[in-house]
Amino acid sequence: MEHAAVRCAAVSKRFRIYEQRATSLRETFIRILLRKQALLTRPYFALSDIDFSVRQGEAVALIGTNGSGKSTILRVIAGIYPPSGGAVQLSGRLAAVLELGAGFHPDLTGTENVAIYGAALGLTRREIRARFDDILDFADIGEFIGTPVKYYSSGMVARLAFAVAICVEPDILLLDEVLSVGDETFRDRCIERLRLFHQRGGTMLLVSHDLETVREMCTRAIWMSQGGVRMDGEVNEVADAYLALA
Amino acid sequence: MIGAQMIGSLRSVYRYRELLWALVLRNLKVKYQSSLLGFFWTMLNPILTASVLIVVFTNVVKIQIPNYWAFLMSGYFAWNFMAQCLNAATYTLGEHGPLARSIAFPQEVLIISTTISRLIEFTVELLLTMIVLAVALHGRVPPSYAAVPLLVVLQFILCLGLQLPVAALSVFFKDVQHALPIAIATLFYVSPVFYAADFVPDWMHEVYLLNPIARLLTLYHETIYKGMLPSVEEWGAAAAFSLLTFLVTYSIFNRYKHLFAEVL
């Protein structure tokens, strides 16, 4: 059996919804004084009992309606949200593009953001420098690399974010709706690059509403619904079933 | 068990040292790139405040300390370092929220990086003070100057120890941003910044020295202004206070840091 790159075992995630965020200090006092859960927050299960594993080299799509837990499970896998129950096991270095901007600081230039982002992923300065030309080349934002990111168009931000994530050569790549941001040319180049990544044995987990891309890129799809796995199987089967219901 | 946890956390910070340096560099760059006079502004604020304090407390409220200017300078910059770090702690994690929501990394690195970049500026201020005092007050380099680096290390540890809980609380409660300036203003008066710790009446002294900043500032006054080496007890107490504060607050921080990404 092939080695699992990502394994989620009975992962669940509970959030507390703050109905009035600004009063949280007051709420804490109430809770301490009354020794009970104040009425201002209610728990919300974003994920319940998620079980799946992704083999090394597999390309898996997560599909489902908004709020079905796709982005949350990516964040739990990336180690950003601790799971409320269950466990996630990873083998290999992980890079993620989880939201537009991918953690870029708006006041810093592209170069500075690349340095910080790369370092946060665990790369050394030398490794970042070695990959810098590749990143610049792929992002194709020219001299804007020396400009603060806040002056970038959303397409430029997405390109740079994607370029960094793919060029750090992770073993596992998580992408959340990245391909829908750029234009056609960028999308095609991304797909080409992802294919290369896939051929080299990289593991990929991507969230997308664009079923065409999903069918093109992935061999397997997981359909998520209301924080659980509704269907898990061959990409076309799952996509067809999903379309039939939508 | 807590010890093992602590070592694990410190080790993970060390693993992210490249990120630490990248952040320190960018902190300094952001500060000095956008303003023409750069370092001048950083120096101007504390120098201006220190000058006003010197003028007021030598001419208006006459504080009986010989060479008051030298006394004030020997402790003021250390106080300023502390106050600025505490202030920065209220927004550092929020500022880097997008990064924390995209990549998992030990978030104390963010705090440490702001402290180190401030420390670099403070070191320059302190060196200038020491040179001025050596020339204009002591007429020589007092041997007690050799102990100043140790003092700075202790202050750095204490500074982190006070920043960590402030930063963690700021993530959950916006109130901290409003409360902290009041706390700093109060600390300014209950710490020996513009007066000497000996002025405090004996009966208050024990309570007064529970403020860890007070102990450190007293040590600055002794080594830099008086040119005397503090006693071993004074060093021991200051070191114990700094380390203990750091260890306690860091373990609290570690307990809550995994929740930051959800709230930020």
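Ground rule before I start on strands: I take helices (H or I, at least four residues) and strands (E, at least two) as DSSP runs, numbered from the N terminus, and I call two strands paired if DSSP finds at least two bridges between them.

Housekeeping: this is a predicted model, so I note that local features need pLDDT of at least 70, side-chain atom pairs count only at pLDDT 80 or more, and totals for chains, interfaces and linings use all residues. Residues are numbered from 1 along each chain as its sequence is written, while chains are lettered from A and ligands numbered from 1 in the order in which they are written.

**Entry 1: the sheet in chain A**

I looked up the secondary structure of chain A and got eight helices and nine strands. Six strands make an open sheet with mixed pairing, in the order β5-β6-β7-β3-β8-β9 (chain A). At the edges I find β5 (94-97) and β9 (228-234) of chain A; each has a single partner strand, so one side of each lacks a neighbour in the sheet. From one strand to the next, the twist averages 15° (axes are lines fitted to C-alpha atoms, for helices over the stretch in contact, and angles run from 0 to 180 degrees between N-to-C directions).

Next I went through the pairs. β6 (172-176) and β7 (203-207) of chain A are parallel over five bridges, and Asp176(A) has Val207(A) in β7(A) as its bridge partner. β3 (59-63) and β8 (220-225) of chain A also run parallel, with four bridges; here Val60(A) stands opposite Arg220(A). On to β9(A): β8(A) joins it antiparallel through six bridges, and Arg220(A) stands opposite Glu234(A) there.

Which residue takes a positive phi in the hairpin of β8(A) and β9(A)? I found Gln226(A), near 50°, in a hairpin with two residues between the strands.

**Entry 2: α3(A)**

I checked burial (buried means 20 or more other C-beta atoms within 10 Å of a residue's own, exposed 12 or fewer, partly exposed in between, with C-beta atoms placed from the backbone). In chain A, 42% of the 246 residues count as buried. For α3(A) the count is 10 of the 11 residues, so this helix is largely enclosed by the rest of the structure. Among the buried ones I noted Glu112(A), Asn113(A) and Tyr117(A). The cover includes α4 and α5 (154-167) of chain A together with α2 and α6 of chain B. Just after α3(A), Gly122(A) has a positive phi of about 100°.

**Entry 3: where chain B touches chain A**

I count a contact when C-beta atoms, placed from the backbone, lie within 7 Å. By that rule 20 residues of chain B are in contact with 26 residues of chain A. On the chain B side, α2(B) gives the most, with six residues. By class, that side has 12 nonpolar, two polar and six charged residues (Ala, Val, Leu, Ile, Met, Phe, Trp, Tyr, Cys and Pro are nonpolar, Asp, Glu, Lys and Arg charged, and the others, Gly among them, polar).

So which residues of α2(B) are buried? I get Glu18(B), Leu19(B), Ala22(B), Leu23(B) and Arg26(B). Seen down the axis of α2(B), these fall within an arc of 130° and so line one face of the helix (the arc is that of the directions from the helix axis to the C-beta atoms). Their cover includes α3 (110-120) and α4 (125-139) of chain A together with α7 (108-138) of chain B.

Notes:
Contact = placed C-beta atoms within 7 Å.
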